[in-house]
Amino acid sequence: MADWERDGRYGSWFKRRTRLAQALTGFVAVAAVVGGVFAFLPRHEVVATAAASPHPRTMQRDLVPVPALGVPMPGPLTYGGGGVEVTPKVYLVFWGWSNTADPVAALMKNFVGAIGGTAWAGVSTQYYENGGAGQLHVTNPGQQLAGVWFDNTNAIHDNLSAQDIGNEALRAIHRFGITDFANSDIVVAQPQNANDAGFNQGQYCAWHDWSTNTGYQFPIGTPAFAFTSMPYVLNAGAGCGKDFVNAAPGGDVDGFTIVLGHEIEEAVTDPGGGASTNLGWLDFNGEENGDKCAWVDIGPGGVLNITGNDGKTYPVQGLWDNSQLLGLGYCTN
């Protein structure tokens with residue numbers, strides 16, 4: 001996730017790292033492609049910090065910073081030699097949701113079902129992994145929602161730990177019978193009254209991680225898998241995207257698709273979440289394709305509504321595109 005998500009793998013990239021909310025000021029190359037001139041504008045980004053985490057700092061977690069108007073961080077994404085999700089599959093787990101007809105759950109389900117084949121999801125197809133037959137690029141299948149489970153059997157509580165969320169993802173693997181771990185992301189969506197502890201403390205909006213990152217304890221023989229913590233982001237209000245694209249009251253739920261989309265596409269291009277044993281695509285600061293464009297609303301590639309393959313509109317952020325700006329890269333949506 002990306003910094004604004006708490007991808008337990010980021011040590012620096014929203015890296016699940018333990019850090020105080022800090023303001024980062026820098027210069028960012030902005031697309032002022034006017035007669036081939038590039039303007040450099042200051043960027044101010046407030047990143048929530050993680051309090052003590054059960055994982056060592058090297059276990060990078062994808063964090064999502066609170067919204068800060070601005071432009072993306074410069075610099076291309078580079079390949080770390082690990083895997084990508086060549087044929088992305090997203091499994092949605094609504095843990096502890098009493099109402100299977102909940103409109104927020106329906107929104108997230110419809111969104112994941114609608115991103116396949118869109119130009120927005122297609123941005124990730126430029127990224128690849130090295131396979132036995134050469135480069136294997138991410139694809140953009142029309143259906144990327146692989147399963148939905150409303151789990152009201154396994155007890156949930158507030159202030160969930162990363163291990164709690166990983167355990168629920170593992171239960172989902174058994175529930176769905178998942179075998180294609182290289183291409184699957186299990187999203188654990190939490191209800192309004194029971195969320196990730198770090199989210200409750202205002203440290204991030206969401207995160208994604210890799211099960212073999214330091215700090216987790218799963219049964220011996222458990223395969224490595226990617227999973228995402230998706231809190232009930234409306235609890236954080238504007239801090240996690242409320243009304244960020246659309247006006248209230250419709251825009252109140254903007255954060256659910258903005259944040260979820262951020263995490264999904266980061267898991268697609270860096271399922272290892274920055275793990276040293278499975279590095280996907282990151283920039284020189286350890287940021288992923290979603291992090292670099294988090295809460296960007298200046299210039300091309302900023303937040304907007306896209307049309308899904310179901311004909312409905314969904315607010316999303318831009319994703320980093322290495323091919324933009326004559327190869328310097330910029331956000332695309």
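Buried means under 20% relative accessible area, exposed means over 50%, and partly exposed lies in between (1.4 Å probe, protein chains only). This is a predicted model: local features need pLDDT of at least 70, side-chain atom pairs count only at pLDDT 80 or more, and totals for chains, interfaces and linings use all residues. Residues are numbered from 1 along each chain as its sequence is written, and side-chain values use heavy atoms, with hydrogens and water left out.

Q: How many helices and how many strands are in the protein?
A: Helices (H or I, at least four residues) and strands (E, at least two) are DSSP runs, numbered from the N terminus. In this protein, the counts are five helices and 17 strands.

Q: What percentage of the protein's residues is buried?
A: The protein has 333 residues. The buried ones make up 57%.

Q: Among contacts between residues at least 6 apart in sequence, what percentage joins residues at least 24 apart?
A: Contact means heavy atoms within 4.5 Å. Take the contacts in the protein between residues at least 6 apart in sequence. The part that joins residues at least 24 apart is 76%.

Q: Which residue meets lysine 89 in a salt bridge?
A: A salt bridge is a side-chain nitrogen of Lys or Arg within 4 Å of a carboxyl oxygen of Asp or Glu. Three of them are found in the whole structure. Here the N to O distance is 2.7 Å, and the partner of lysine 89 is aspartate 180.

Q: How many residues apart are aspartate 180 and lysine 89?
A: Their side chains form a salt bridge. Aspartate 180 sits in the loop between α3 (162–176) and β10 (184–189), while lysine 89 belongs to strand β6 (residues 89–95). The pair links distant parts of the chain, and the separation is 91 residues.

Q: Why are arginine 171 and glutamate 168 separated by about one helical turn?
A: An α-helix has 3.6 residues a turn, so residues three or four places apart point the same way. The side chains of arginine 171 and glutamate 168 meet in a salt bridge of 2.8 Å, N to O. They lie about one helical turn apart because, within helix α3, their spacing is three residues.

Q: Is glutamate 168 buried or exposed?
A: Arginine 171, its salt-bridge partner, is partly exposed at 28% relative accessibility. Glutamate 168 has a relative accessible area of 0%, so it is buried.

Q: Which residue meets lysine 292 in a salt bridge?
A: Side chains of opposite charge can pair when their charged atoms come close. Both partners here are buried. The N to O distance is 2.9 Å, and lysine 292 meets aspartate 283.

Q: Which residue does a disulfide join to cysteine 205?
A: A disulfide is a pair of cysteine sulfur atoms within 2.5 Å. The whole structure holds two. For this one, S to S is 2.2 Å, and the partner of cysteine 205 is cysteine 240.

Q: How far apart in sequence are the parts that cysteine 205 and cysteine 240 tie together?
A: The disulfide between them is left-handed, with -100° about the S-S bond. Cysteine 205 lies in the loop between α4 (197–200) and β11 (207–210), and cysteine 240 in the loop between β12 (226–230) and α5 (254–269), so the parts tied together are apart by 35 residues.

Q: What is the torsion about the S-S bond of cysteine 293 and cysteine 331?
A: These two cysteines are joined by a disulfide, with S to S at 2.1 Å. The link is left-handed because the torsion is about -105°.

Q: Where does cysteine 331 lie?
A: Cysteine 331 is joined to cysteine 293 by a disulfide. Cysteine 293 lies in the loop between β13 (281–282) and β14 (304–307), and the pair ties together parts 38 residues apart in sequence. Cysteine 331 lies in strand β17 (residues 330–332).

Q: How many residues of α5 are buried?
A: Helix α5 reaches 23 Å from its first C-alpha to its last, close to the 22 Å expected at 1.5 Å a residue. The expected span is 1.5 Å times one less than the number of residues. The helix is largely enclosed by the rest of the structure because the buried count is 16 of the 16.
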